[in-house]
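Reader: I am new to this structure. Could you take the part around the ligand and look at it closely, together with what it packs against and the sheets?

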Amino acid sequence: CRVVVLISGAGSNLQAIIDGCDDNVNADVVGVISNKPDAYGLIRAHHSEIDTSCVIAYKNESRSEYDARLLAAIDKYQPDLIVLAGFMRILTDEFVSRFIGKMINIHPSLLPKYTGLNTHQRAIDAGDSEHGASVHFVIPELDSGPVILQAKVPVYPGEDASVLAERVHEQEHAIYPLVVKWFSLGRLTMTDGNAFLDGELI
Ligand code: GRF
């Protein structure tokens, strides 16, 4: 399974996936694409001798123009799976539709709760006793595709959002490589907007 990972920043999830693929003969990270030239994840990719591309948005470029260039960069790698790992751009419906069932994302909340940004603070403000992360298939609607796997963490009274975020992040590093592994083994599919593991509705 040829995997392309899209990033914008630190790339700690990218690292977890690279490490996971080292132990998984079925999956290979063949390319890492960033929209930010200074994303630390690009350095991680270099350390692992993985090819990288940077697709930086031009000033005044439309979303569809950008996505066309992103698509060209992705197509070069002929991937079976596109992994969004902290890629901080909203993608056009047209782009997403091109990769239905082949593109996954990780979101730092227990979806369907808290789509969008500032999820940790929102969970604290709501007084939630648990919070976490979700890996889901990507559909045009933001953070709304079928959930594949979630990890939960408790929210401790008086806890700071940054501390909570760190604990959620640790869980992300556990679940994302596992989902990539499932996909690479052909165990994971999406049909009619639903996710299936080994043919069972998730
Ligand atoms: C993670 O919190 C992920 O849930 C969100 O972006 C962050 C990426 O972190 N989508 P990293 O770049 O993988 O360290």
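Author: Two strands count as a pair when DSSP finds at least two bridges between them. Helices (H or I, at least four residues) and strands (E, at least two) are DSSP runs, numbered from the N terminus. Residues are numbered from 1 along each chain as its sequence is written. The model is predicted: local features need pLDDT of at least 70, side-chain atom pairs count only at pLDDT 80 or more, and totals for chains, interfaces and linings use all residues.

Start with the ligand. The shell around the ligand holds 15 residues (C-beta, placed from the backbone, within 6 Å). Ala10, Ser12, Asn13, Gly86 and Pro108 come nearest to the ligand. By class, seven residues of the shell are nonpolar, seven are polar and one is charged (Ala, Val, Leu, Ile, Met, Phe, Trp, Tyr, Cys and Pro are nonpolar; Asp, Glu, Lys and Arg charged; the others, Gly among them, polar). Helix H1 (12–22), strand E5 (103–107) and helix H6 (161–184) each supply at least two residues of this shell. H1 gives the most, with three residues.

H1 also packs against H6. Their axes, lines fitted to C-alpha atoms over the stretch in contact, lie 9 Å apart at an angle of about 45°, where angles run from 0 to 180 degrees between N-to-C directions. On the H1 side, Ser12, Asn13, Ala16, Ile17, Asp19 and Gly20 take part, and they meet His169, Glu172, His173, Tyr176, Pro177, Val180 and Lys181 in H6 (C-beta atoms, placed from the backbone, within 7 Å). The residues of this contact divide into five nonpolar, five polar and three charged.

E5 belongs to an open sheet of seven strands with mixed pairing, in the order E3-E2-E1-E4-E5-E6-E7. Its edges are strand E3 (52–54) and strand E7 (147–154), each of which pairs on one side only. From one strand to the next the twist averages 20°. H6 packs on this sheet and touches strand E1 (2–7), strand E4 (81–84), E5, E6 and E7, with its direction at about 30° to that of E6. Strand E6 (residues 130–137) pairs with E7 in the antiparallel sense over seven bridges. Glu130 has Pro154 in E7 as its bridge partner.

A further open sheet has three strands in the order E8-E9-E10, with antiparallel pairing. Strand E8 (188–191) and strand E10 (200–201) are at the edges with a single partner strand each, so one side of each has no neighbour in the sheet. Strand E9 (residues 194–197) is joined to E10 by two bridges, and Phe196 stands opposite Leu201 in E10.

Methods. Contact = placed C-beta atoms within 7 Å.
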